[in-house]
Amino acid sequence: MRERSGTREAQRGRTVGVLGGMGPAATVETFRRIVASTPARRDQDHLHIVIDSNPAVPDRTAALLLGGEDPRPLLDAGAQRLVTAGAEVLCIPCNTAHAYHEWLQRRVPVPIVHMLRETAARVAALGARQVGLLATTGTVATGLYQAELENAGLRVVPLEAPAQDGVMAAIEAVKAGDVGDRVIGALAAAALSLVGAGADHVVVGCTEISLVAGKLPVPVPVVDALDVLVSSTLRLATSVPEPPELVPHVV
């Protein structure tokens, strides 16, 4: 019986730790997508997933741009709890928190999926040349995505300041539970502005925007970084191939 149990553990793969709470709805959506993307015919075929959802982690954009409270102590505490609980692969469903990825990776003995790097590689593999980005002002201002995309040989199409302000307001609205037409309209306007400026692909680089990405009427492929995070996590944790729904959508 012990050997059979061990075999089943090996088939299920490595335990995944989700360092979440940034925000809570994005963490729930990450778990949902991992489950939906795992081929399973019974409960026992799914991965063991441990979630640490701590919404007390200080605002990452405020910390990066305004000298706000440092989120690293709580990020570290959450990562350590996940490792102690048995996590063998970590993922962070927050794009802006990846400003601290390298620092955090040095503090834990298990791999942390780099969502931005994986997304840049995915977009490059799709044949993109010029990429527009929908993300928090913190992510944009720190150049997190720009560096990864440029390293992948891609040109980043900048979003004008008024449109970026609209994106940030929409992100804050989603965090407050508003996913209505006004929010969709602001994000769609920003995406269309990027397309008008030459973007042939748009990256959804904020997990709050991921919650409504499927509703954006954008005439070019849209790559959702949360989808990439999920597929990359599954690839590390198992031998599961990327599911077909991860192909970028065009409305």
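Student: A crossing is left-handed if the near helix is turned anticlockwise from the far one by less than a right angle, and right-handed if clockwise. Which is the crossing of H2 and H12?

Tutor: The crossing of H2 and H12 is right-handed. Helices (H or I, at least four residues) and strands (E, at least two) are DSSP runs, numbered from the N terminus.

Student: Before we go on, what am I looking at?

Tutor: This is a predicted model, where local features need pLDDT of at least 70 and side-chain atom pairs count only at pLDDT 80 or more, while totals for chains, interfaces and linings use all residues. Residues are numbered from 1 along each chain as its sequence is written, and side-chain values use heavy atoms, without hydrogens or water.

Student: Back to the helix pair. At what angle do the axes of H2 and H12 cross?

Tutor: Roughly 55 degrees, and the axes of H2 (residues 24-37) and H12 come within 10 Å. Axes are lines fitted to C-alpha atoms, for helices over the stretch in contact, and angles run from 0 to 180 degrees between N-to-C directions. That makes H2 oblique to H12. Under 35 degrees is roughly parallel, over 145 roughly antiparallel, 65 to 115 roughly perpendicular, the rest oblique.

Student: Which residues of H2 and H12 meet?

Tutor: From H2, Glu29, Thr30, Arg33, Ile34 and Ser37. On the H12 side they meet Leu226, Asp227, Val230 and Leu234. Contact means heavy atoms within 4.5 Å.

Student: Which strands does H12 lie across?

Tutor: H12 (residues 225-237) lies across E1 and E3, and runs at about 175 degrees to E3. H12 also lies across E6 and E7, at about 50 degrees to E7.

Student: New topic: sheets. What is the order of the three-strand one?

Tutor: E2-E1-E3, an open sheet with parallel pairing. Strands pair if DSSP finds at least two bridges between them. E2 (49-53) and E3 (89-91) are the edge strands; each has a single partner, so one side of each has no neighbour in the sheet. The twist averages 20 degrees from one strand to the next.

Student: How many bridges join E1 to E2?

Tutor: Five, and the two strands run parallel. Val16 has Ile49 as its bridge partner in E2. For Val18 the partner in E2 is Ile51.

Student: Where is Asn54?

Tutor: Asn54 sits in the loop between E2 and helix H3 (60-66). Its relative accessible area is 18%, so Asn54 is buried. Beyond four places in sequence, Asn54 is in contact with Gly20, Gly21, Leu74 and Arg81. A polar atom of the Asn54 side chain lies 3.0 Å from the backbone nitrogen of Ala56.

Student: How far apart are Asn54 and Gly78?

Tutor: 24 residues in sequence, and 7.7 Å in space, C-alpha to C-alpha.

Student: Now the other sheet. What is the order of its four strands?

Tutor: E5-E4-E6-E7, open, with parallel pairing. E5 (155-157) and E7 (222-224) stand at the edges, each with a single partner strand, so one side of each is left without a neighbour in the sheet. Neighbouring strands are turned by 35 degrees against each other on average, direction ignored.

Student: How many bridges pair E4 with E6?

Tutor: Four, in the parallel sense, with E4 covering residues 130-134. Gly132 has Val202 as its bridge partner in E6.

Student: Last one: is His201 buried or exposed?

Tutor: Buried, because its relative accessibility is 8%. His201 is in strand E6 (residues 201-204). Its side chain makes a polar contact with the side chain of Asp200 at 2.9 Å. A polar contact is a pair of N or O atoms within 3.5 Å; within protein, one must be able to donate a hydrogen and the other to accept it, and residues adjacent in sequence count only if both atoms are side-chain atoms. Beyond four places in sequence, the contacts of His201 include Val123, Leu126, Gly132, Val220 and Pro221.

Terms used. Buried means under 20% relative accessible area, exposed over 50%, partly exposed in between (1.4 Å probe, protein chains only).
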